[in-house]
Amino acid sequence: MTRNTDGLDIRVVGGGVIGLTSAIALAEDGHRVRVLSREAAGATTSAVAGGLCWPYRIQPYERAVAWSVRSLRVLTALAHRPEETGARMVTGTMTDNTTDDGAGAPEDARDGAEDGLAAWYDAVPGLRRARAGELPGGCASGWRARVPLVDMPAHLRYLARRLTAAGGTVERREVGSLEEAGAGADMVVNCSGLGARTLVPDLDVHPVQGQLVIVENPGIEEWYVAAGTGATDTSYLLPQPYGLVVGGTARENAWSREPDPAVAEAIVARAARCFPELARVRVLAHKVGLRPARPAVRLAAERLPGGVPCLHNYGHGGAGVTVSWGCADEVLRMVREVQEGR
């Protein structure tokens with residue numbers, strides 16, 4: 001796209017990864033952007049995310065894969081500057097066998113019969129079947145790939161700096177309504193995540209609780225995931241600079257943000273069945289995040305009662321990081337359509 005020369009005053013509601021990337025796309029296109037966020041970026045659900053670039057618990061699949069492929073390209077480029085951006089390229093294994101705890105991807109994920117992600121598997125450079133010696137104990141088969149793994153606290157700080165450099169601002173305040181957010185503005189972009197449940201209101205938005213444990217890394221350098229479609233208990237290892245992220249859970253409509261000690265113990269025990277060195281690691285922290293799920297991502301335009309255009313961009317489930325840049329491109333395209341009166 002060519003740069004916009006007739007910038008609008010735009011308010012972006014929500015300061016997580018979806019809000020910040022949308023705001024950056026708009027600010028770098030010449031719009032005057034202000035992000036309104038109740039919480040600092042480091043306190044949002046995005047900060048708890050494991051940060052693996054791979055679509056998970058998001059629909060519609062076809063659009064989600066297109067957004068994910070766009071984000072894959074952006075994050076791969078950012079991984080050339082890991083200390084600045086928080087993004088690194090890391091090799092790992094996505095298992096496609098069903099483990100004895102019910103986790104695991106479909107038997108042949110490339111076929112996409114169950115999860116619809118065939119186009120994603122085709123788009124990931126170098127993705128291939130894992131050889132027997134590359135699989136952890138108890139795992140029969142899987143896929144090997146090198147994809148971005150994002151240190152989310154560092155990445156959110158990078159996004160905030162990039163937004164400021166583009167002329168955007170962030171205002172810490174709670175928004176009572178979208179009409180309030182749009183007062184005096186030309187447009188509102190609603191990236192409120194789980195907050196959309198009351199702000200829109202949209203009762204289709206609901207939490208999928210994810211609990212994880214951060215442990216001292218015993219030397220694991222690759223990521224590993226066994227997380228089947230619809231599984232309540234999952235298993236994944238994500239080596240981050242601040243420790244090894246061990247997960248996890250995916251519990252529909254669970255609102256608590258308090259870590260459950262018994263759940264944490266079960267998470268580590270599941271991982272230790274495949275990686276015995278985890279049985280005696282030191283725990284550094286416990287985290288719980290609420291994924292903003294919806295039957296389908298809402299990426300659509302409407303006019304608020306006062307007449308201000310509003311673009312909705314929420315309901316990304318467990319794939320906010322993975323689809324963020326692709327959805328930001330869609331937001332930018334939709335803003336231009338509104339400008340042109342389509």
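Which residues does D204 touch, not counting residues up to four places away in sequence? I looked this up as my opening entry and found A293, R294 and P295, where contact means heavy atoms within 4.5 Å.

**Ground rules.** I am working from a predicted model, in which local features need pLDDT of at least 70 and side-chain atom pairs count only at pLDDT 80 or more, while totals for chains, interfaces and linings use all residues. Residues are numbered from 1 along each chain as its sequence is written, and side-chain values use heavy atoms, with hydrogens and water left out.

**D204 and its loop.** I placed D204 in the loop between α7 (196-199) and β8 (206-215); helices here are DSSP runs of H or I with at least four residues, strands are runs of E with at least two, and both are numbered from the N terminus. D204 counts as partly exposed because its relative accessibility is 42%, the scale being buried under 20% relative accessible area, exposed over 50% and partly exposed in between, with a 1.4 Å probe and protein chains only. I also checked D204 against S235, and the two are 31 residues apart in sequence and 27 Å apart in space, C-alpha to C-alpha. The loop between α7 and β8 also holds P201, which is joined to V200 by a cis peptide bond with omega of about -10°.

**Other backbone entries.** I noted a cis peptide bond from G247 to G248, with omega near -5°, and G248 lies in strand β11 (residues 243-249). R57, a residue other than glycine, has a positive phi near 50°; I found R57 in the loop between β2 (32-37) and α2 (61-78), partly exposed at 24% relative accessibility. N253 is not a glycine either, yet its phi is positive at about 60°. I located N253 in the loop between β12 (251-252) and α8 (261-274), and with a relative accessible area of 48% N253 is partly exposed.

**Helix α1, surroundings.** How many of the 11 residues of α1 are buried? I counted 11 of the 11, so α1 is largely enclosed by the rest of the structure. The buried residues of α1 pack against β1 (9-13), β2, α5, β7 (187-190), β15 (309-314) and α9.

**α1 with α9.** I looked next at helix α1 (residues 17-27) and helix α9 (residues 320-339), whose axes come within 8 Å and cross at roughly 40°; axes are lines fitted to C-alpha atoms, for helices over the stretch in contact, and angles run from 0 to 180 degrees between N-to-C directions. That angle makes α1 oblique to α9, since under 35 degrees counts as roughly parallel, over 145 as roughly antiparallel, 65 to 115 as roughly perpendicular and the rest as oblique. The contact draws on V17, I18, T21, S22, I24, A25 and L26 of α1, and on G320, V321, S324, W325, A328, V331, L332 and V335 of α9. I sorted the contact of α1 with α9 by class into 11 nonpolar, four polar and no charged residues, taking Ala, Val, Leu, Ile, Met, Phe, Trp, Tyr, Cys and Pro as nonpolar, Asp, Glu, Lys and Arg as charged, and the others, Gly among them, as polar.

**α1 with α5.** For α1 and helix α5 (residues 152-165) I have axes 9 Å apart and an angle of about 25°, which makes α1 roughly parallel to α5. On the α1 side the contact is made by V17, L20, T21, A23, I24 and A27, and on the α5 side by M152, L156, L159, R162 and L163. By class, the contact of α1 with α5 has nine nonpolar residues, one polar and one charged.

**α2 with α9.** I then turned to α2 and α9, which pack at an angle of about 105° with their axes 6 Å apart, so α2 is roughly perpendicular to α9. The contact includes W67 and V74 of α2 and W325 and E330 of α9, and its classes are nine nonpolar, five polar and four charged residues.

**Cores.** Of the 71 residues in the largest nonpolar core, I noted that V12, L26, W54, W120 and W223 touch the most other members; such a core is a set of buried Ala, Val, Leu, Ile, Met, Phe, Trp, Tyr and Cys residues joined through side-chain atoms within 4.5 Å. A second, separate core of 18 residues includes L244, I267, V268 and L278.
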